[in-house]
Amino acid sequence: MSEKLKKERSRVGIALALFLGLMIIEKMKLISILNEHPIYFLPLYLLPYFISGYDVVRECILGIKNRRPFDEALLMTIATVGAFFAGEFAEAVAVMVFYQVGELFQSYAVGQSRASIKELMNIVPEYANVERADGSVETIDPDEVEIGDILLIKAGEKVPVDGIVRSGESMINTAALTGESVPRSVFPGENIISGCINGEGLLRVEATKCFEDSTVSKILELVEEASEKKSKTENFITRFARFYTPIVVFSALALAILPTLIQFFGVTTGALPKEIWQAHPPIIWLYRACTFLVVSCPCALVISVPLSFFGGIGAASREGILVKGSNYLELISQLSVLVTDKTGTLTKGNFAVEKLCPAEGVSEEELLFAAASAENGSTHPIAKSILLAYQEGDFVRRELLIPKETENRSGKGLIAKVEDSQILVGSGRLMEEFRISYSEEEAESATVCHVARDGAYLGKITIADEIKESSREAILKMKMEGVKEVVMLTGDSKPVAEEVGRALGVDRVYSELLPAGKVEKVEELLKSLEKNGKQEGYLAFVGDGINDAPVLSRSDVGIAMGGMGSDAAIEAADIVIMDDDLVKIPRVISIGRRTVRIATENIVFALGIKILVLLLSAFGLANMWAAVFADVGVTVICIVNAMRLLKR
């Protein structure tokens, strides 16, 4: 609990103690002179009133001064001042004190909700130890780290920027980023992201990104953006309160004045008996109007609905899921279709050469040497698998050639100029483009790379990708959470894609797609969700590569794999899964559904109670104590309901 909140608690506690003490004195008639002259209680009750509510009165006066009067402060001030004029001192103080109790409870609840998001702020490193060329170590600000700098990270220190481990082995804690409590091992040559905590040993890390482009900075940007993007429910409540408050004020004013005027003219003209005036004097209508104002205060809605969505974002962040705005929680709760990429999303992206199929008269070594030379220097997973296969090959290896020129044909493959030869490595479509005959027998569960040199077909290399262990479980859980259809889009060949789709229980598979083709398919699926001009359900796309960015942007909800995903995908996405665990997707759907359900419960409960007590107060059947419950009591109940989201 913050110091400010502790001071507020003390202030409200003192006011509450004074109020209860005065109530006991008044009701038990402990001081006879006060009960003989009730007006003497006025200055005494004003003491707890101003201790608890001076800031509300001040806010009301400033609102009137700045020509923005219609808010909760105005409702509370008018209602309590009216109650004082009606002689109901205790009830006037009760309204203000319990209103502040509700506000205190709200501040505590918001603090609890912020705590899980605030943990993300603690991942920001305070310094970086840079090893200089002369062997000295300089401690600098993370902002000053340059790409290529060697960083020394001691046990217990945070990784300042993203990089590659050059020496040392350790266990790193990624809990703040991924929600995963089990430490992860890192070895030389492995990537390490900023914000992790080095558990043991000394690591030498080469910086691959500057601080502003590192994972920590990206996360902080996402957290800052999250509060700016409100759900439809939140926007409705904001607009509702804007019009609701002035309507309530003028309705209360009418309730205080119109019945009195009607009675006055009725009695004066003889249309009404004098007993009516005696039974319902003006002070009664003033009291009812004040009760009406207290009941109508929109605190429960204005506080609990945003708090529900804020709690949902906090609950997701504790699981290592970053949601860029509450509107995406609302959308994902109504998810009908989930579209996913294959490589790196459903599969590990750990490609390995499975089989070499050289053409007649071509050796395996020659086939692999040509492909590896063309792919030399490429960072594509398939290229890495070909290079690794050549390096580990059981033959006399030659030094690989370096391509003079390379050209990537999206969705087809690579064209490389190696010495005086043109080498093609890619799909059958690339071979067809250059009118090269190739073997059309496709492997059922592997990607096929055809290789040709100077128009001559050298053979094919089959490359397998391993399916993630969590993929099938994630798809099953998505359907349990209400997702009607899971669709896979991939640039891989049809046999490979269909084999993976069958293994995972995917409903529909579209293969051999270029990036533009993926966008077209998503457009088709989005149109299929429209019926009679209305959208029934929403579509989410899950991806991790640069080529997935356009599809992530086009879908209703874009979900990026943050651990291994590209910066472009993370930028374009609306939800980021920090540890690439697909099971987190049904988890965030569950959080979204629970968030919307709790927000809806709060709206229905708050409006139902308020409308009931408003009607009762207008007819004099509910007093100020009932109004306090309808305002503060309902607010506290709604806040407690919203706080359920913070439980795992």
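Strand E14 (residues 413-418) and strand E15 run antiparallel and are joined by six bridges, where strands (E, at least two residues) and helices (H or I, at least four) are DSSP runs numbered from the N terminus, and two strands are taken to pair if DSSP finds at least two bridges between them. The model is a predicted one, in which local features need pLDDT of at least 70 and side-chain atom pairs count only at pLDDT 80 or more, whereas totals for chains, interfaces and linings use all residues. Residues are numbered from 1 along each chain as its sequence is written, and side-chain values use heavy atoms, with hydrogens and water left out.

Five of the six residues of E15 are buried, so that the strand is mostly covered, buried meaning under 20% relative accessible area, exposed over 50% and partly exposed in between (1.4 Å probe, protein chains only).

An open sheet of three strands, with antiparallel pairing, has the order E6-E5-E8. Its edge strands, E6 (184-186) and E8 (197-198), each pair on one side only. Strand E5 (residues 170-173) is paired with E8 in the antiparallel sense over two bridges, and Ile197 in E8 is the bridge partner of Asn173.

Helix H3 (residues 41-65) comprises 25 residues, yet its end C-alpha atoms are only 31 Å apart, short of the 36 Å that a straight helix would reach at 1.5 Å a residue, the expected span being 1.5 Å times one less than the number of residues. At Gly53, H3 bends by about 70°, the bend being the angle between axes fitted to the seven residues ending at a residue and the seven starting there. Gly53 is also among the buried residues of H3, which include Ser52, Val56 and Val57. Just after H3, a positive phi of about 60° is found at Arg67.

The second largest cavity is lined by Tyr99, Gly102, Glu103, Cys299, Ile303, Asp631, Val632 and Thr635; a cavity is a set of points, on a 1 Å grid over the protein atoms alone, where a 1.4 Å probe fits but cannot get out, and lining residues have an atom within 4 Å of a point. Helices H5 (89-121), H11 (299-318) and H22 (624-643) each supply at least two residues of this lining.

Note on methods. On a 1 Å grid over the protein atoms alone, a cavity is a set of points where a 1.4 Å probe fits but cannot get out, and a pocket is an open set with protein on both sides within 12 Å along at least five of seven lines; lining residues have an atom within 4 Å of a point.
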